Amino acid sequence: MNDVVAARALHVLAVVIWIGGVSMATTVALPAVRRGDLGPDRLQAFQAIERRFAWQARTAVIVVGLTGFYMTWRLDLWDRFRTATFWWMHAMVCVWLLFAFVLFVAEPLILHRHFPRWATKRPEVAFAWLHRAHWVLLGLGLVTILGAVAGSQGWSIF
Ligand code: HEM
């Protein structure tokens with residue numbers, strides 16, 4: 001079972017890097033960008049941070065997915081997806097799918113194309129929207145972590 005222990009350790013490490021980064025972006029970087037603390041060009045300040053973190057987040061999402069499905073297959077946990085008691089298993093997959101879509105599809109195809117124009121025309125509204133979207137993603141990530149750690153120890157609200 002050493003392989004499952006290694007997979008779990010890698011899974012949690014990648015979750016820490018990924019959701020920790022989202023937390024930093026939401027609670028520290030974006031408020032500073034919005035207030036102009038990182039310079040008057042808010043778009044440039046945001047992109048300088050986002051460009052560097054996006055690759056860390058994408059790598060972490062891949063590692064979390066591979067290790068997560070590996071554990072599910074190795075421990076034969078597929079039945080968990082049939083019951084609400086294991087809502088946190090569904091939550092993990094949903095959060096993973098959501099972030100995979102955001103990082104691999106929405107960000108390169110939509111955000112990079114349209115956000116700069118929007119942020120130049122109406123910076124207050126554009127950055128407020130971006131900040132709100134980060135709060136939603138962070139909230140979902142944190143609830144999932146709480147549910148998964150408690151749930152894998154046998155604790156569930158259902
Ligand atoms: C494809 C997506 C994912 C799959 C298939 C998956 C699968 C798993 C499995 C099988 C476990 C072990 C459960 C157990 O021991 O009973 C686990 C643990 C865990 N997962 Fe995921 N996971 C996924 C995504 C995520 C995401 C997106 C997060 C966080 C936002 C996350 C956070 C955790 C945490 C915190 C644990 C508990 C580790 C522990 O306390 O030992 N997982 N995951």
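From the N terminus onward, the elements of the protein follow the order α-α-α-α. The protein contains four helices and zero strands, where helices (H or I, at least four residues) and strands (E, at least two) are DSSP runs numbered from the N terminus. The model is a predicted one, in which local features need pLDDT of at least 70 and side-chain atom pairs count only at pLDDT 80 or more, while totals for chains, interfaces and linings use all residues. Residues are numbered from 1 along each chain as its sequence is written, and side-chain values use heavy atoms, with hydrogens and water left out.

Taken along the principal axes, the box filled by the C-alpha atoms of the protein is roughly 55 × 30 × 25 Å. Of the 158 residues, 37% count as buried; buried denotes under 20% relative accessible area, exposed over 50%, and partly exposed in between (1.4 Å probe, protein chains only).

Helix 1 and helix 2 have axes that come within 8 Å and cross at roughly 160 degrees. Axes are lines fitted to C-alpha atoms, for helices over the stretch in contact, and angles run from 0 to 180 degrees between N-to-C directions. The two helices, helix 1 and helix 2, are therefore roughly antiparallel to each other; angles under 35 degrees count as roughly parallel, over 145 as roughly antiparallel, 65 to 115 as roughly perpendicular and the rest as oblique. The crossing of helix 1 and helix 2 is left-handed, a term applied if the near helix is turned anticlockwise from the far one by less than a right angle, with right-handed used if clockwise. The contact of helix 1 with helix 2 comprises 21 nonpolar, five polar and five charged residues. In this classification Ala, Val, Leu, Ile, Met, Phe, Trp, Tyr, Cys and Pro count as nonpolar, Asp, Glu, Lys and Arg as charged, and the others, Gly among them, as polar.

For helix 2 and helix 3, the packing angle is about 160 degrees and the axes are 10 Å apart. This angle makes helix 2 roughly antiparallel to helix 3. Helix 2 passes helix 3 in a left-handed crossing, and their contact has 19 nonpolar, five polar and three charged residues. A54 lies in helix 2 and, at 6% relative accessibility, counts as buried. The C-alpha atoms of A54 and F104 are separated by 9.5 Å, although these residues are 50 apart along the chain.

The loop between helix 2 (42-74) and helix 3 holds D76. The phi of D76 is near 50 degrees, a positive value in a residue other than glycine. Most residues other than glycine have a negative phi. D76 counts as exposed because its relative accessibility is 58%.

The iron atom of the ligand is coordinated by H11 (NE2) and M92 (SD), at 2.1 to 2.2 Å. This pair links distant parts of the chain, with H11 in helix 1 (residues 2-35) and M92 in helix 3 (residues 87-121), 81 residues apart. Donors are N, O and S atoms within 2.8 Å of the metal (3.2 Å for Na, K and Ca); water is not among the atoms, so sites may look incomplete. Around the iron atom of the ligand, the six donor atoms subtend angles of 85 to 179 degrees, which makes the arrangement octahedral; six donors count as octahedral if opposite donors are over 155 degrees apart and all others between 65 and 115. H11 is buried at 12% relative accessibility, whereas M92 is partly exposed, with a relative accessible area of 24%.

Key
Tetrahedral: all angles 85-135°; square planar, octahedral: opposite > 155°, others 65-115°.
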